[in-house]
Amino acid sequence: MPAADPWLPVGPDLKTVNAGYENPLHALASADIPAILLRRSYNSDHCRGLIRRFIDRGLMRDPADTESDDTRTRIDIGTSLGNMGDDQRGFFEHAVRTHDLFEHLFNGFDNPVDVIYNSLTALAAGKRVVTAREPDGRLYGPAIFRIHYTHHTYRPHIDHVTLREKRFNYEVSRFEHQFAGVVCFQNAAQAGPATQAILHRCLWTEDVEAHIAENAFHEYARLNDIGQCRVELEPGDLYFFNTRCIHEVPAVEGTDPRIVLAVFIGWSGDDGEVYVWA
């Protein structure tokens, strides 16, 4: 299907996306579309209930606690390959603990990890969607909650286990394309939708990386008339995007943290499996 003009997410639900695209993930891989946006995929009341549980269990800092000694601007609930992958043994041991935690963390609520996996399965054109694993059976973390406090931001970048992180010693490096899936749990001190990401209509290359490294990507995009898409989400909305597209996240403003449930996704056209990890 030809690229949309303007470059806009497709949605708002699985039925509409699959009716318009025979293979939605192929369209995402080629950057014909910036994102697949599925509105109200998860119950927003359950978002609020789980956030309260995270605070009560000490998994995240209560933003109302102004006397806390914890000054981190990002807190993870889960196992991050990007942050922990240099220590492979420690990464997989931590992932075991994440699986154990997630076995009971959502009791009494709909399982938000299942929402991501089930939605991805519906988009995968018959491919098998599974948690990433090594040939010896060691499992990666299935998903991760990222909790971002005031001023936390992500400048223009890509996420990719081979192009950026060079993690060729992990099985997920076998995939040609990498996507991300994100469920909005809470926007920062705002009612209604808020910008969760800015996606640029620009796939990463070594030449583009030079401009990113010099903190000059915005000028490069202006000079080359590169379009962008702002992804506006409310709690419970889920979106998927190609992480090789240059993207950025605005700084958190206000007292409440921005909270998302996120995954990375490995996809190749000729591979019958789709791997998911955090």
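Which residues line the largest cavity? They are Leu81, Gly82, Asp159, His160, Val161, Glu165, Gln178, Phe264 and Trp277. The model is predicted: local features need pLDDT of at least 70, side-chain atom pairs count only at pLDDT 80 or more, and totals for chains, interfaces and linings use all residues. Residues are numbered from 1 along each chain as its sequence is written, and side-chain values use heavy atoms, without hydrogens or water.

A cavity is a set of points on a 1 Å grid over the protein atoms alone where a 1.4 Å probe fits but cannot get out; a pocket is an open set with protein on both sides within 12 Å along at least five of seven lines; lining residues have an atom within 4 Å of a point. Points join across faces, edges and corners, and a volume is the space filled by probe spheres set on them.

One cavity reaches 30 Å³ or more. The largest cavity holds about 40 Å³.

The largest pocket has a volume of about 510 Å³. It has 25 lining residues, and the closest to its centre are Arg74, Arg146, Tyr154, His157 and Asp159. The largest share of this lining, five residues, comes from β11. Strands here are DSSP runs (E, at least two residues), numbered from the N terminus.

Now the sheet. Four strands form an open sheet in the order β5-β10-β7-β8, with antiparallel pairing. Strands pair if DSSP finds at least two bridges between them. The edge strands are β5 and β8 (228-233). Two bridges join β5 to β10. Tyr154 stands opposite Val249 in β10.
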